[in-house]
Amino acid sequence: MLEISEMVRDVIREVSGGALEPRIEVVDHGVPSLFGPEDKYRFRVDVSRALGFLGLERLIGPRESIEYIVRRRLGNETG
């Protein structure tokens with residue numbers, strides 16, 4: 001979660017030209033973690049059926065998705 005939070009913060013900073021500087025706050029609710037930091041490298045997913053079903057050629061990456069959402073929310077469609 002921290003990695004995604006940092007990515008969102010960086011994209012907001014870039015899109016706003018530094019005008020917005022979100023703060024990341026880690027809140028521990030005491031729920032045990034189900035996965036470790038390195039577990040994300042252990043999963044392999046075949047998305048070919050999803051791509052075919054949706055009629056897409058490719059999926060976009062998390063950073064590109066976040067940038068698209070942030071630009072739409074901030075009203076900055078350029079880029």
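**Salt bridges, core and surface**

I begin with Asp 10 and Arg 13, whose side chains meet in a salt bridge with an N to O distance of 3.5 Å. By salt bridge I mean a side-chain nitrogen of Lys or Arg within 4 Å of a carboxyl oxygen of Asp or Glu. The model before you is a predicted one: local features need pLDDT of at least 70, side-chain atom pairs count only at pLDDT 80 or more, and totals for chains, interfaces and linings use all residues. Residues are numbered from 1 along each chain as its sequence is written, and side-chain values use heavy atoms, with hydrogens and water left out.

Both Asp 10 and Arg 13 belong to helix α1, residues 2-15, and they are three residues apart, about one turn of the helix. Helices here are DSSP runs of H or I with at least four residues, strands are runs of E with at least two, and both are numbered from the N terminus. Asp 10 is partly exposed, with a relative accessible area of 26%, and Arg 13 is partly exposed at 29%. The terms are these: buried is under 20% relative accessible area, exposed is over 50%, and partly exposed is in between, with a 1.4 Å probe and protein chains only.

Asp 10 also forms a salt bridge with Arg 9, at 3.4 Å, N to O. Arg 9 has 22% relative accessibility, so it counts as partly exposed. In total, the structure holds nine salt bridges. Another of them joins Glu 64 to Arg 58, the closest N and O atoms being 3.6 Å apart. Through shared partners, salt bridges link Arg 9, Asp 10, Arg 13 and Glu 21 into one network.

Which residues make up the largest nonpolar core? There are six in all: Met 7, Val 11, Ile 12, Val 15, Ile 66 and Val 70. Such a core is a set of buried Ala, Val, Leu, Ile, Met, Phe, Trp, Tyr and Cys residues joined through side-chain atoms within 4.5 Å. The elements giving two or more residues to this core are α1 and α3, and the largest share, four residues, comes from α1. In soluble globular proteins, nonpolar side chains tend to be buried together.

Val 45, Val 47, Phe 53, Leu 54, Leu 56 and Leu 59 make a nonpolar surface patch of about 630 Å². Patches are made of residues with over 30% relative accessible area and no salt bridge, where like charges are joined within 9 Å and nonpolar side chains (Val, Leu, Ile, Met, Phe, Trp, Tyr) within 5 Å. Accessible areas come from the Shrake-Rupley method with a 1.4 Å probe, and for residues only the protein chains shown count as cover. Leu 56 counts as partly exposed because its relative accessibility is 41%.

Finally, Arg 23 lies in the loop between α1 and α2. Is Arg 23 buried or exposed? At 69% relative accessibility, Arg 23 counts as exposed. Arg 23 and Glu 6 are 17 residues apart in sequence, and their C-alpha atoms are 9.4 Å apart in space.

Thank you for your attention.
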